[in-house]
Number of protein chains: 2
Amino acid sequence: MFESAEIGHKIGKAAYREAVPLLRAALLEAQVDLFADKKIPVLVLISGQDGAGKGETINVLYEWMDPRFMATLAFSEPTDEERERPPMWRYWRQLPPKGRIGIFAGSWYSDPIRERIQGDISLKELDARAEQINRFEAMLVNEGALVLKFWFHLTKQGQKDRLKALEADPHTAWRVTQWNWDRLKTYDKLQDVAGHLLRITNTPWAPWVVVEGADDRYRSLTVGQVLLAALKSRLADTEPQESPVAPMVRVDTDGRNVLSQLDLGLQLADKPYERELARWQGRLAELMRDPRFKGRSLVCAFEGADAAGKGGAIRRIAGALDARQYQVIAVAAPTDEERAQPHLWRFWRHLPRHGHATIFDRTWYGRVLVERVEGLCAEHDWLRAYTEINDFEHEMAEAGVVVVKFWLQISQAEQLERFKAREQVEFKRFKITEEDWRNRDKWDAYQQAICDMVERTSTGNAPWTLVEANDKNYARIKILRTLCERLQAEFDNTPQVDAAVGRQKTDKPAKHKNAGKKSAK
Amino acid sequence: MFESAEIGHKIGKAAYREAVPLLRAALLEAQVDLFADKKIPVLVLISGQDGAGKGETINVLYEWMDPRFMATLAFSEPTDEERERPPMWRYWRQLPPKGRIGIFAGSWYSDPIRERIQGDISLKELDARAEQINRFEAMLVNEGALVLKFWFHLTKQGQKDRLKALEADPHTAWRVTQWNWDRLKTYDKLQDVAGHLLRITNTPWAPWVVVEGADDRYRSLTVGQVLLAALKSRLADTEPQESPVAPMVRVDTDGRNVLSQLDLGLQLADKPYERELARWQGRLAELMRDPRFKGRSLVCAFEGADAAGKGGAIRRIAGALDARQYQVIAVAAPTDEERAQPHLWRFWRHLPRHGHATIFDRTWYGRVLVERVEGLCAEHDWLRAYTEINDFEHEMAEAGVVVVKFWLQISQAEQLERFKAREQVEFKRFKITEEDWRNRDKWDAYQQAICDMVERTSTGNAPWTLVEANDKNYARIKILRTLCERLQAEFDNTPQVDAAVGRQKTDKPAKHKNAGKKSAK
């Protein structure tokens with residue numbers, strides 16, 4: 001991996017001086033095009049050995065390019081807001097929007113490398129993290145991003161020489177501390193771990209560029225030229241970046257499916273409803289105050305046809321909670337800041353802290369439901385969304401988030417009744433729009449999409465609960481009961497959550513994570 | 001203040017049942033109008049005594065209204081990200097956007113009340129906080145917000161009764177803890193402090209509504225009706241909400257001003273420039289690693305005509321910093337999330353954490369410069385902006401942020417030279433736009449706006465440094481030197497920063513805060 005970066009590359013002063021103005025002009029031009037185009041977010045990861053010129057390179061990029069269209073994203077110790085969310089949350093929140101360049105000083109590679117060097121994670125765990133990274137980067141590229149990963153390499157002697165040189169120069173001496181010298185001792189270990197990780201994350205969609213770090217001019221020029229070439233080629237490539245997806249195939253010979261199997265006649269009379277409501281609301285209130293919830297959080301996802309009763313069910317849950325403990329996110333059209341990001345970004349941003357809950361009224365499943373059926377996104381996009389969604393929910397579950405998903409199923413006849421009833425009752429009238437009536441025409445297409453969704457995204461960590469919702473009483477109690485049982489089961493089965501990182505210490509998620517994965521070594 | 005809330009108001013079951021459907025329908029309609037209108041953010045503060053029904057009221061509002069257009073904003077212990085910013089940052093980051101309702105469970109009143117009850121702040125300090133709050137709310141209202149502040153009141157006996165009733169009901173017993181009973185002991189103290197604070201924050205633009213909290217139906221109906229009336233009246237009122245401002249008056253009889261006094265002939269030759277650059281960059285690097293900077297942060301604001309050299313100066317500062325320690329925010333057109341907020345919101349969101357710096361390439365002064373001169377905002381808006389900006393910078397300074405502001409002044413002739421030169425040099429060509437040429441026509445109007453800006457916003461905590469920028473060498477060194485000297489002076493004068501809250505313990509900012517303020521008692 002590193003051999004070609006130990007050749008002793010050098011660029012002379014004169015050659016450098018000649019090359020820079022042209023490179024700079026071209027980079028600026030590409031930046032302007034990128035910003036005007038507003039389709040491609042650019043992620044530039046600057047990583048590598050200590051003293052190999054990471055900081056200097058970032059400064060050179062700032063010198064050459066226009067700071068108005070770029071940002072340096074630095075990650076030191078996670079804040080408490082970050083520690084109480086899935087580990088990737090801190091990167092999601094800082095992703096550069098379309099049209100801009102984000103320079104990552106530190107990235108999702110930093111923690112796995114450090115943890116492996118320190119012996120905190122096994123090689124197998126490192127491989128699992130690598131796979132997670134590969135999928136994350138694939139998602140970014142599929143969403144239009146250009147991902148450039150630089151690794152600056154130095155030989156051991158080269159690193160020693162560089163630290164000495166930095167120390168000798170009064171302008172840079174402050175950069176060298178005992179910490180840097182100590183890092184020299186772990187040189188071989190870092191080489192090992194980084195070499196392994198780089199190899200298995202050296203994907204076609206986001207390959208590594210290993211750069212010899214010893215010569216400032218060579219390193220700067222190389223990074224600049226690689227960045228320029230990548231920008232230009234990506235800007236010229238008007239075809240969407242698409243990883244292969246298999247078309248949706250369904251075997252449905254007898255017309256029966258998970259939805260048709262539901263008994264929509266299930267009912268609950270008002271009297272027992274009131275009793276059960278008090279019972280399960282009380283239970284939910286208790287569970288949310290359980291000490292074991294302090295290191296975890298809850299995400300409730302509600303999907304269902306119009307008038308299926310999502311709002312009413314959410315209010316029954318909310319009624320049992322402290323207003324300071326939860327938020328309801330009613331998913332509407334994305335804002336322009338959200339549109340400039342991968343489609344899951346607007347859900348990531350609302351993930352709750354430990355001890356808190358977020359209830360989503362409509363969710364990230366919009367892509368495989370309404371966007372699919374209404375043709376609002378390409379087939380390729382909704383087909384890959386299943387995997388991305390599973391990854392998203394898996395990352396939540398792994399960090400101790402209890403993910404509970406409800407599909408509220410009503411019959412077409414019941415929906416019609418409710419639409420008519422709403423038109424009668426003044427204070428609900430506004431809820432019926434033309435779109436609602438139109439959606440009814442696509443009932444069958446929606447049923448198909450729902451079945452596919454359940455089949456592909458009902459996972460061990462985040463199963464779907466299908467709710468027979470023709471009777472509101474029945475539906476609400478089933479939802480409350482399911483929620484309580486899930487919380488209880490999670491508390492019972494996986495009590496050991498490391499509050500510091502929110503990562504579960506049990507085997508279950510790890511097993512899930514590695515399921516079906518070939519060893520990368 | 002509380003007398004009218006001790007009358008023993010009650011609403012019967014029948015009257016309540018009759019009133020609610022109409023109220024609910026009207027509230028929903030108002031919400032839809034509000035959302036369609038997209039001009040008014042609504043802030044509903046739910047505060048008052050413990051057990052007076054704050055949580056219940058929020059739940060009722062959720063039951064009556066559409067959760068898609070509202071959010072509950074809860075504030076418990078500040079997170080470390082919040083603690084490392086000015087105290088108001090956590091409220092700014094959660095302000096509801098235009099068209100939406102934010103229900104505040106806890107607000108900027110919570111801390112002052114608690115701190116005063118605990119004796120952490122003096123009455124004088126409480127008054128200063130109240131004045132800060134009044135100005136903050138005035139800004140919100142001027143920016144189009146509807147601010148509704150509810151205070152739920154109970155008599156001491158009423159509070160006792162209510163806690164007992166909650167405890168007796170198995171559905172609500174869990175809400176009552178020892179903490180609640182302890183609060184009863186501080187009843188009188190709370191009455192005192194809240195009474196005082198409410199009185200001096202009972203402004204015409206954001207008055208308090210004190211509601212008797214004993215009867216659930218009365219309380220719910222009152223809040224609902226007040227909210228409805230306020231929404232309707234605000235939606236009907238198409239005139240902008242404007243607090244009075246005095247027109248700009250300038251005495252400028254001899255044509256001399258702070259800009260004309262600058263000696264734009266000041267120069268620095270390349271040799272001494274290189275020497276000084278190394279010296280001050282080294283010094284800056286030291287200061288940024290000073291232990292006293294760990295509990296503080298730095299905000300650099302750069303303003304200047306096109307081609308004045310802001311970018312070059314910023315790069316010279318950045319060159320002395322660790323890329324992980326700073327970010328450059330190049331202020332561009334606001335996003336739609338930013339446009340849905342008060343004009344200062346998009347700057348608040350970028351304030352640095354302790355030990356970090358944010359360098360703004362163009363700033364919050366856009367409103368009193370380009371927006372004023374180009375007529376992009378009403379006179380009323382830029383006239384009140386001076387005060388809002390001073391408040392903003394004062395809040396930063398008070399929290400230990402070092403605010404350093406540079407105006408880079410060049411002559412018209414020099415600007416023309418630079419424009420021409422840029423057109424020659426390929427890699428800078430993109431920077432010259434038609435707008436740049438057009439802006440030159442308004443040179444005099446801009447000079448006037450700059451002089452007004454300096455006069456009104458060069459404060460003790462955040463003074464302007466006018467930089468003679470015709471010679472880039474001279475300008476860059478002056479900027480670096482000024483920055484170093486400011487940091488040094490801040491470290492020397494105000495070393496005691498309480499890292500926990502970031503609030504300075506010295507007298508200086510407090511003095512500034514109360515300057516010219518009448519006693520509120």
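Let me start with a definition: two strands pair if DSSP finds at least two bridges between them, and helices (H or I, at least four residues) and strands (E, at least two) are DSSP runs numbered from the N terminus. With that in hand, chain A has an open sheet of 5 strands, paired in parallel, in the order S7-S8-S6-S9-S10.

Before I go on, a quick word on what we're looking at. This is a predicted model, where local features need pLDDT of at least 70 and side-chain atom pairs count only at pLDDT 80 or more, while totals for chains, interfaces and linings use all residues. Residues are numbered from 1 along each chain as its sequence is written, and chains are lettered from A and ligands numbered from 1 in the order in which they are written.

Back to the sheet. Which strands sit at the edges? Those are S7 (326-330) and S10 (464-468) of chain A, each pairing on one side only. From one strand to the next, the twist averages 20°. S7(A) and S8(A), residues 357-361, run parallel and are joined by 5 bridges; in that pair, A:Ala330 stands opposite A:Asp361. Then there's helix H16(A), residues 379-398, which packs on the sheet and touches S6 (297-304) and S9 (401-409) of chain A. Its direction makes about 135° with that of S9(A). Angles here run from 0 to 180 degrees between N-to-C directions, with axes fitted to C-alpha atoms, for helices over the stretch in contact.

Okay, domains. The bounds come from an automatic or database domain assignment, which gives chain A domain 1 (3-236) and domain 2 (270-513). The contact (C-beta atoms, placed from the backbone, within 7 Å) takes 19 residues from domain 1 of chain A and 23 from domain 2 of chain A. On the domain 1 side, H6(A) gives the most, with 5 residues.

Now the two chains: 48 residues of chain B are in contact with 48 residues of chain A. Which element of chain B brings the largest share to its side? That's H1(B), with 6 residues.

Last stop, H2(A), residues 54-64: 9 of its 11 residues are buried. Buried means 20 or more other C-beta atoms within 10 Å of the residue's own, with C-beta atoms placed from the backbone. Among the buried ones are A:Ile58, A:Leu61 and A:Trp64, and A:Lys54 and A:Glu56 are buried as well.

Methods: A residue is buried if 20 or more other C-beta atoms lie within 10 Å of its own, exposed if 12 or fewer, and partly exposed in between; C-beta atoms are placed from the backbone.
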